[in-house]
Amino acid sequence: MPYQHDGEPTFELMFDGRPMALRGLVASVGAGCLDEVAPVLAQAEAWVDQGMVVGGVLSYEAGWAFMPWPKPQLPESGPLAWFGAFERAEPVRWVRRPPAVVEPNWSCSPMAHQDRVRTILDYLRAGDAYQVNLTASAQFDAPTLDDLFFGLLPNPVPPFAALV
């Protein structure tokens, strides 16, 4: 999951308000299904115990791996978890430049979104739910990955962010 920077796999992230680049990928491990999530996390912890620099991503859906009830069948949407062991972490400077115009192409129309919000409000009023997460997917056309990342990144930059 790292991207290539000067021919080297690099994983950039914002940690505690400081941009860092993890470089010198030694090994990586990923989880494509729920049964693989716990072993991936165990491997990442082992690398930390060995003194490696470790970075990665854990999807929201990976949480199902730790629930006591039967696991659902999840649609394929990329890795549930990915971690890499790196040789070093280096501070980087994220240069904020005027971003390219990044306009989303949403998976639903504004009217469909409003209908979904009304339905959720009906569930809440009826007491059938106490929390609902309404999501929609979007596609973006941006000249580069950096343009997309910095075009979506708020100003000021949050303390935690990642360009994976």
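Gly56 stands opposite Phe83 in β5. The model is predicted, so local features need pLDDT of at least 70 and side-chain atom pairs count only at pLDDT 80 or more, while totals for chains, interfaces and linings use all residues. Residues are numbered from 1 along each chain as its sequence is written, and side-chain values use heavy atoms, with hydrogens and water left out. Helices (DSSP runs of H or I, at least four residues) and strands (runs of E, at least two) are numbered from the N terminus.

**Strand pairing**

- Strands β4 and β5 run antiparallel and are joined by 6 bridges; two strands pair if DSSP finds at least two bridges between them.
- β3 also pairs with β5 in the antiparallel sense, over 10 bridges.
- In β5, Gly84 is the residue opposite Ser28.

**Helix α1**

- Helix α1 covers residues 37-49, and its 13 residues should span 18 Å at 1.5 Å a residue, which agrees with the 19 Å between its end C-alpha atoms. The expected span is 1.5 Å times one less than the number of residues.
- Val37, Val40, Ala44 and Trp47 of α1 are buried, where buried means under 20% relative accessible area, exposed over 50% and partly exposed in between (1.4 Å probe, protein chains only).
- These residues lie on the same side of α1 because they cover an arc of only 85° around the axis; the arc is that of the directions from the helix axis to the C-beta atoms.
- The exposed residues Glu45 and Asp49 are on the face of α1 turned away from its buried side.
- β3 (18-31), β4 (53-58) and β5 (81-91) are what the buried residues of α1 pack against, with contact meaning heavy atoms within 4.5 Å.

**Nonpolar core**

- The largest nonpolar core has 12 residues, among them Ala31, Leu34, Trp47, Leu80 and Phe83. Such a core is a set of buried Ala, Val, Leu, Ile, Met, Phe, Trp, Tyr and Cys residues joined through side-chain atoms within 4.5 Å.
- α1 gives the largest share of this core, 4 residues.
- Beyond its neighbours within four places in sequence, Ala31 is in contact with Glu36, Val37, Val40, Pro79, Leu80 and Ala81.

**Cysteines**

- The whole structure has 0 disulfides, a disulfide being a pair of cysteine sulfur atoms within 2.5 Å.
- Cys33 counts as partly exposed because its relative accessibility is 34%.
- Cys108, at 13% relative accessibility, counts as buried.
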